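I opened a new page for this chain.

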Amino acid sequence: MKSLHVNFNEATQAIDPIDDVSPEAWDVVCERFDNDVRRIKSVSDSKGYSGLYACYDENNQPVYYLVEEGDELTKLRQRTFLDKLGRT
């Protein structure tokens, strides 16, 4: 699963690429943001990205990523959900 850091304008719903960024593994990105992520919307991208996600930093500011969704992402979501069960 790959992800790509992008700029997203909520008012216009415009997604703009950021120069000089490389795709990253989505699970690594999630861990960096302590799995504080939320799916924003579906996208259709010629590079295989199908969802826009917001990752929230320690100041609760969103950082946006296009994500290549698939079966592996579903498994990651389930594992994260189960890991967080029992946390207070």
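Below are my entries on this predicted model.

**Ground rules.** I number residues from 1 along each chain as its sequence is written, and side-chain values use heavy atoms, without hydrogens and water. As the model is predicted, local features need pLDDT of at least 70 and side-chain atom pairs count only at pLDDT 80 or more, while totals for chains, interfaces and linings use all residues.

**Overall build.** I looked up the secondary structure and found two helices and six strands. These are DSSP runs, numbered from the N terminus: helices are H or I with at least four residues, strands are E with at least two. Along the sequence I read β-β-β-α-β-β-β-α. The chain has 88 residues, and 27% of them count as buried. Buried means under 20% relative accessible area, exposed means over 50%, and partly exposed lies in between (1.4 Å probe, protein chains only).

**Cores.** Which residues make up the largest nonpolar core? I listed 10: Leu4, Val6, Phe8, Val43, Tyr49, Leu52, Ala54, Tyr56, Tyr64 and Leu66. Such a core is a set of buried Ala, Val, Leu, Ile, Met, Phe, Trp, Tyr and Cys residues joined through side-chain atoms within 4.5 Å. Strand 1, strand 5 and strand 6 each supply at least two residues of this core. A second, separate core has nine residues, including Trp26, Phe33, Tyr53 and Val67.

**Ring pairs.** Next I checked the aromatic rings. Rings of Phe, Tyr and Trp (its six-membered ring) pair if their centres lie within 6.5 Å; planes under 30 degrees apart are stacked, over 60 edge-to-face, the rest tilted. I got four aromatic pairs by this rule. Phe8 and Tyr64 pair edge-to-face, at 5.1 Å centre to centre and 65° between the planes. Phe8 is in strand 1 (residues 2–9) and Tyr64 in strand 6 (residues 62–67), so their pair ties together parts 56 residues apart in sequence. Both Phe8 and Tyr64 are buried.

Trp26 and Tyr53 form a tilted pair, with 5.3 Å between centres and 55° between planes. Trp26 lies in helix 1 (residues 26–32) and Tyr53 in strand 5 (residues 51–56), so this pair ties together parts 27 residues apart in sequence. Trp26 and Tyr53 are both buried. Ring pairs also link Trp26, Phe33, Tyr53 and Tyr65 into a cluster.

Is Glu58 buried or exposed? I found Glu58 exposed, with a relative accessible area of 74%. Glu58 sits in the loop between strand 5 and strand 6.
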